[in-house]
Amino acid sequence: MAQTLKHLNATLASPSYQNDVLNNGLFTGGKLPRFKEMLKKSGFQQLKPTDLEIFQINLGYMCNQTCKHCHVDAGPERKEIMEREVMDLCVSKIREFGVPTVDLTGGAPEMNPNFRYFISELRKAGVKEIIVRSNLTIFLASASYQDLPEFFRENRLRVVSSLPYFSASKTDRQRGNGVFDKSIKALRMLNEVGYGDDLILDLVYNPGGAFLPGDQKELERTFKRVLKDNHDITFNQLFALTNLPINRFLDYLIASGNYEDYMEKLVESFNPAAVDGLMCRNTISVDYTGKVYDCDFNQMLQLGVVTSSGMNLADISLQALKQRAIVTGQHCYGCTAGAGSSCQGSTVSQ
Amino acid sequence: MENTYYDPADLKKFGDIAEFEPELAKKFFSYYNSVFEEGALTAREKALIALAVSHTIQCPYCIDAYSVGCLEKGLDEAQMMEAVHVAAAIRGGASLVHGVQMMNKVKKLSM
């Protein structure tokens, strides 16, 4: 199994080093415009938030997989896990802010020992929609996780799962040996309890290398046909996501000699129509310690929200969040390329 | 002239052909873009056809562009290589079928 950059003590494991890579080189000397300049050139001054609709919570960086493209640098040896006190703080702030959707991510969020406690507290708080970003293979990682599909069903969670391709070779190359077969088993388990129909099961496609995703609808049609014909699996929607140059995907880009071409491609593909739908405008991201970011990518680069009351969730008011200017960097080109990219897939219809 | 006839960086300069003849370039690119839009064939099918044709005409720019295009459209390596074999089969077949012409001539000339 691959190892995390952190475990390898790689220079690139440091968010400040990653920010240096992204802010210098290609983006100095006028070779490529910085994201802020591109926004200005396209008529956008400062990126400002809209109404807060999604409260995304990263429950920790521990994961049973070590995918090659992971922007979190998650893996089995990561010990950063959200404690119950921070979960309670999140619940109280979700109530205070009246946020309709909570989006749980990781690592594998289910590996947090208080995952089920947190779901029950969120339910009690009356959250309209709870999304869990499940890597699927976790159901088969140990006996204690095998009832997760049933638990998801009982709590009517919306499940969003990564499946980068509908064949084993491409999926396993990105996510590890045997991941495809386990994912198929896990998808069957979800279908058996009613997911992919009334209970929502969405899949996430992301390119298996240094290229952009194609048309989401066309990819969805192909995924639906192949998964149905070959594996009798159904799902609701496919989200096509662009890989952002952070952590292990950045490491891959540099090591494979694709970094410069990929960044140029992202910049060339900047689509002004994708700016309005950027997820950082209606979402906040909270890390395992209770610090707040404009998105999960900014979280990984340790670029905290800039508000009048700091970046700790405990101190932040909804008003302060609404008045903030969103923090951007060169990685943001990943969300504005082509049809746009967000945790809910493309942001512009092609 | 450069040291090599083909420079990968030139692919990005394709649009620059308008510098010497803007009107025809505009018409060509407009036509080109229309051809690759989704129609009776999907954009995915068209990308695969383009990849095969790129190999038939052995255009390195086209092979570069449509390898990326096919990956972006969710095609995998096996599908792409099968398309290249289709191109190769047609190319090879085109040579071989002329063997009939050779045979005709040989038979006509021979006792």
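## About the model

The model is predicted, so to speak of local features a pLDDT of at least 70 is needed, side-chain atom pairs count only at pLDDT 80 or more, and totals for chains, interfaces and linings use all residues. Residues are numbered from 1 along each chain as its sequence is written, while chains are lettered from A and ligands numbered from 1 in the order in which they are written.

Let's start with strand E1 of chain A, residues 54-58. Helices (H or I, at least four residues) and strands (E, at least two) are DSSP runs, numbered from the N terminus. In E1(A), 4 of the 5 residues are buried, meaning that 20 or more other C-beta atoms, placed from the backbone, lie within 10 Å of a residue's own.

E1(A) pairs in the parallel sense with strand E2 (residues 101-105) over 5 bridges; pairing takes at least two DSSP bridges. E1(A) also runs parallel to strand E7 (residues 283-286), with 4 bridges. A:Gln56 stands opposite A:Asp103 in E2(A) and opposite A:Ser285 in E7(A).

## Where chain B touches chain A

Here 9 residues of chain B are in contact with 12 residues of chain A, with C-beta atoms, placed from the backbone, within 7 Å. On chain B's side, helices H2 (43-56) and H3 (60-72) each give two or more residues, and H3(B) has the largest share, 3 residues.

Definitions and conventions:
A residue is buried if 20 or more other C-beta atoms lie within 10 Å of its own, exposed if 12 or fewer, and partly exposed in between; C-beta atoms are placed from the backbone. Two residues are in contact if their C-beta atoms, placed from the backbone, lie within 7 Å.
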